[in-house]
Amino acid sequence: MQYDYILIRYGEMALKGKNIKQFIIRLQENIQQKIKEFPDAKVKRTQGRMFVLLNGHDPEPIMDKLRKIFGIHSLSLAIKVDNDLEKIKEAALYALKKNEDVRKFKVSVKRIAKDFPVRSQEMNQVLGKHLLTNTEDITVDVHHPDLELKVEIRLEATYITSSVVPGLGGLPVGTSGKSLLLLSGGIDSPVAGYLAMKRGVQLEAIHFHSPPFTSERAKQKVLDLTKQLTKYGKSIKVHIVPFTKLQQEIFREMPDDYAMTIMRRMMFRISERVCHNESILSLTTGENLGQVASQTMESMHAINEVTNYPIIRPLIAMDKQDVIRISEEIGTYETSILPYEDCCTIFVPKSPKTKPRKEKVNYYESKYDFTASIEEAINGIETIKINDEKKVEDSFTDLF
Ligand code: ATP
Ligand code: MG
């Protein structure tokens with residue numbers, strides 16, 4: 001006896017009209033893509049549901065993959081047996097025993113095949129009795145069961161499903177267009193990327209790198225974080241921008257207290273150019289209101305001036321503890337807290353303006369021509385594609 005398939009429920013409620021079809025097709029593709037290392041497993045659609053036919057594969061590693069796919073509301077393992085009383089009894093017992101912590105259970109039989117000789121009510125009792133006699137320390141509780149065994153006797157076969165495992169919810173990645181994530185290597189931006197993906201966004205990432213002030217290790221850290229994000233979606237392109245020269249120029253030519261603001265504006269300008277080249281329609285950042293000097297209302301106002309692109313800021317109103325909790329859950333925290341040199345911390349001015357004024361920023365910027373250095377940075381971008389399956393090191397060897 002073994003599980004035959006995994007039932008997938010998606011929260012269809014929030015979707016309307018033709019979105020539903022796009023949603024379902026994308027979800028099916030995303031699932032198929034994530035489980036392609038299990039060659040016999042197949043994803044099928046039925047009315048309002050989806051299921052993975054296991055065809056002999058062990059369900060656990062496949063469940064692990066499915067638990068990381070956005071758009072899935074919940075999952076249940078299921079067994080398919082012939083409409084034969086003895087076989088149904090055996091399968092129900094198997095499903096109950098597989099759920100180790102269960103002390104109280106309930107059986108719910110639905111008989112759709114009216115030619116099956118035992119009626120639903122009677123079947124509930126027959127199965128309940130069979131399960132009680134073949135287990136220890138387990139009782140029936142119809143009001144507060146730990147586990148509800150659902151038995152559906154259909155025309156073609158009987159399906160038995162047990163515990164409901166929650167999925168991640170959200171929308172399938174790829175249903176909401178693309179966004180360019182400004183990825184720093186800190187705690188916040190990977191979480192921001194994850195939350196954007198949860199709304200169906202396909203990411204590319206951009207990282208501003210300032211060698212030799214920031215090391216190869218700092219860059220590797222960003223690639224590792226990206227790799228962790230691909231577990232929740234598809235492969236992600238990372239654009240590494242050589243930022244040293246421009247940054248040095250800013251800190252040499254601009255007043256110290258405005259250098260941070262101007263540096264951020266340069267990041268947005270360059271990001272916008274990448275968006276333009278890659279047909280991306282928005283930016284995503286890990287900015288959080290009031291956290292640091294560059295993230296006051298005045299500062300965001302001054303920085304935002306340089307771009308018309310919508311900026312997704314999923315963390316804008318979140319508490320730091322909540323951001324940390326998510327980063328732990330999604331597996332980016334360990335990498336994010338590794339010590340590394342951030343281009344922003346290396347060039348940190350002694351007293352950045354917490355309330356920069358737009359007029360002043362524009363005035364200072366007009367005093368120096370950064371065009372050549374901006375173009376040089378853009379021309380020097382190195383793009384690395386990170387896949388879920390491949391090791392990060394492999395992606396490097398692809399390039400050189
Ligand atoms: P994080 O934890 O993401 O580093 P932070 O709290 O340190 O964020 P800031 O340093 O003010 O905040 O950065 C704000 C946002 O700007 C980051 O979340 C990220 O989106 C972007 N950013 C900062 N530095 C870089 C960088 N070197 N490359 C790409 N994006 C960056
Ligand atoms: Mg940071």
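**Serine 336 and beyond**

Guide: Let's start here: serine 336 is in contact (heavy atoms within 4.5 Å) with Gly185, Gly186, Ile187, Pro190, Lys221 and Leu225, leaving aside its neighbours within four places in sequence. This is a predicted model, where local features need pLDDT of at least 70, side-chain atom pairs count only at pLDDT 80 or more, and totals for chains, interfaces and linings use all residues. Residues are numbered from 1 along each chain as its sequence is written, chains are lettered from A and ligands numbered from 1 in the order in which they are written, and side-chain values use heavy atoms, with hydrogens and water left out.

Visitor: Which helix is serine 336 in? And is serine 336 buried or exposed?

Guide: Serine 336 belongs to helix H11, residues 333-336. Helices (H or I, at least four residues) and strands (E, at least two) are DSSP runs, numbered from the N terminus. Serine 336 is buried, with a relative accessible area of 6%. Buried means under 20% relative accessible area, exposed over 50%, and partly exposed in between (1.4 Å probe, protein chains only).

Visitor: You listed Lys221 there. What does the side chain of lysine 221 reach?

Guide: The backbone oxygen of glycine 185, at 3.2 Å. That's a polar contact: a pair of N or O atoms within 3.5 Å; within protein, one must be able to donate a hydrogen and the other to accept it, and residues adjacent in sequence count only if both atoms are side-chain atoms. Lysine 221 lies in helix H6, residues 216-230, and is buried because its relative accessible area is 4%. Leaving aside neighbours within four places in sequence, lysine 221 has contacts with Gly185, Thr335, Ser336, Leu338 and Tyr340.

Visitor: Switching to the ligand. How many residues surround ligand 1?

Guide: There are 22, and the closest are Leu182, Ser184, Asp188, Ser189 and Gln295. A residue counts as near if one of its heavy atoms lies within 4 Å.

Visitor: What about arginine 264 and ligand 1?

Guide: A polar side-chain atom of arginine 264 is 2.8 Å from an oxygen atom of ligand 1. Glycine 286 has a backbone N or O atom 3.1 Å from an oxygen atom of the ligand, and leucine 183 has one 3.4 Å from a nitrogen atom of ligand 1.

Visitor: How much of ligand 1 does the protein cover?

Guide: 91% of the 580 Å² of accessible area that ligand 1 has on its own. Those areas come from the Shrake-Rupley method with a 1.4 Å probe; for residues, only the protein chains shown count as cover.

Visitor: Which element gives the most to the shell around ligand 1?

Guide: E10, with three residues.

Visitor: Where does aspartate 137 lie?

Guide: In the loop between helix H4 (120-133) and strand E6 (139-140). Aspartate 137 counts as exposed because its relative accessibility is 65%.
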